[in-house]
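Subject: Structure handover

Hello,

Here is the structure I said I would pass on, with my notes below it. Please open it alongside the text.

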Amino acid sequence: MWLAVVAAFALDVQQGHVIRLEVKSFTPGMTVVMDDRSIPVFSRNGAGLALVPVAVTATPGTHTLEIRDAAGKAVEERKYQVLDAQYPTQNIVATRAMKALRPLPGEVESMRALYARKTPEAAWAEPFAPPVPQCANSSFGVQRLHNGKPTGNYHRGLDLRSPAGTPVKATAAGKVVVARMWRMHGGTIGIDHGQGITSHYLHLSRLAVREGTVVKRGQLVGYVGATGFATGPHLHWGLYIHGIPTDPRAWAPGITSCQPR
Ligand SMILES: [Zn+2]
């Protein structure tokens, strides 16, 4: 028999979005296991909260998740539906210089280490702030083609059509763990917001904070540019939950869409 540990539960979730599990009878060390992934349940406002990311690549249909105690014993099982988000495709015209770009030593590793962080304390609070005031000209989740050829890759963030030099603000409070002028990602800020939430800001012309800086929501972290793998000035904003790219718009309401340029 299952204990009724879960208070709030959305049974339908789109690819690239997040299931929020509020665990009423929370005990430390609980985990949620889904699709062979284990997600920690963190303490939040006197209860437990698990943010369970559903990948863009998750198969539509019925899935099962299991809530386990610290000893690994299942205390509850739930079924949920993954809905096909019907992400469109988008062609990117990459120049020869863009195609020749290779990451610097440590570049890919530093980003992976950012996404993998599991800081138990939450610095974040909702709603998240849009990092720049402009509209989105390339949505999260679109299947990417480079010069008409499928890449097998999808857009892991949101592109905001922002002029070069626009101040970029932290979407939520946290600690800056990446502040580098990388080659592929370009000028990069990566922030750990705690409890498995990280954000990053790419292609920046200039950085305004150093690694280790603790930032508030809305604090200046850098300036929009076109550095790295970019066809022109814009802000690429990524929001990963437990290392899985999710749609940033689900966290910062009010961002409008505009045509690609
Ligand atoms: Zn992008």
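I start with helix 2, where E107, S110, M111, L114 and Y115 are buried. These residues lie on the same side of helix 2, because the arc they cover around the axis is only 140°. As background, an α-helix has 3.6 residues a turn, so residues three or four places apart point the same way. The cover over the buried residues of helix 2 includes strand 15, strand 16, strand 17 and strand 21. Please keep in mind throughout that this is a predicted model.

Overall fold

The chain has 2 helices and 22 strands. Its radius of gyration is 19 Å, close to the 18 Å that the globule rule gives for 261 residues, so the chain is as compact as a globular protein of that length. The C-alpha trace spans about 60 × 40 × 35 Å along the principal axes. Of the 261 residues, 49% count as buried.

Nonpolar cores

The largest nonpolar core has 29 residues, and I189 and L235 touch the most other members. At least two residues of this core come from each of strand 6 (47-53), strand 13, strand 15 (174-181), strand 16 (187-194), strand 17 (197-204) and strand 21. Strand 21 gives the largest share, 4 residues. Leaving aside residues up to four places away in sequence, L235 touches P131, V132, L158, D159, L160, S162, V168, Y201, L202, L204 and V224. Another core lies apart from this one; it has 18 residues, among them L21, M34, I67 and Y80. In general, nonpolar side chains in soluble globular proteins tend to be buried together.

Zinc site

Which residues coordinate the zinc ion? They are H155 through NE2, D159 through OD and H236 through ND1, at 2.0 to 2.2 Å. The spacing of these donor residues in sequence is H-x3-D-x76-H. H155 counts as buried because its relative accessibility is 4%. H236 counts as buried as well, at 9% relative accessibility. The zinc donor D159 is also among the residues that L235 touches.

Disulfide

There is 1 disulfide in the structure. C135 and C258 are the two partners, with an S to S distance of 2.1 Å. The torsion about their S-S bond is about 90°, so the disulfide is right-handed. C135 lies in the loop between helix 2 (107-115) and strand 10 (136-138), and C258 in the segment after strand 22 (244-246), so the pair ties together parts that are 123 residues apart in sequence. Are the two cysteines buried or exposed? C135 counts as buried at 17% relative accessibility, and C258 is buried with a relative accessible area of 17%. The cut-off for buried is under 20%.

Backbone points to check

Most residues other than glycine have a negative phi, and most peptide bonds are trans.

- E126 and P127 are joined by a cis peptide bond, with omega about -5°. P127 sits in the loop between helix 2 and strand 10, the loop that also holds C135.
- N45 is not a glycine, yet its phi is positive, near 50°. N45 is in the loop between strand 5 (42-44) and strand 6 and is exposed, with a relative accessible area of 77%.
- H203, also not a glycine, has a positive phi of about 70°. H203 is in strand 17 and counts as buried at 5% relative accessibility.

Regards

Notes: Residues numbered from 1 in each chain as written. Predicted model: local features only at pLDDT ≥ 70, side-chain atom pairs only at ≥ 80, totals over all residues. Heavy atoms only, no water. Donors = N, O, S within 2.8 Å, 3.2 Å for Na, K, Ca; no water. Buried < 20%, exposed > 50% of the residue type's maximum accessible area, 1.4 Å probe, protein only. Disulfide = S-S within 2.5 Å. Core = buried A, V, L, I, M, F, W, Y, C linked by side-chain atoms within 4.5 Å. Contact = heavy atoms within 4.5 Å. Arc of directions from axis to C-beta. Rg over C-alpha atoms; globule rule 2.2 N^0.38 Å.
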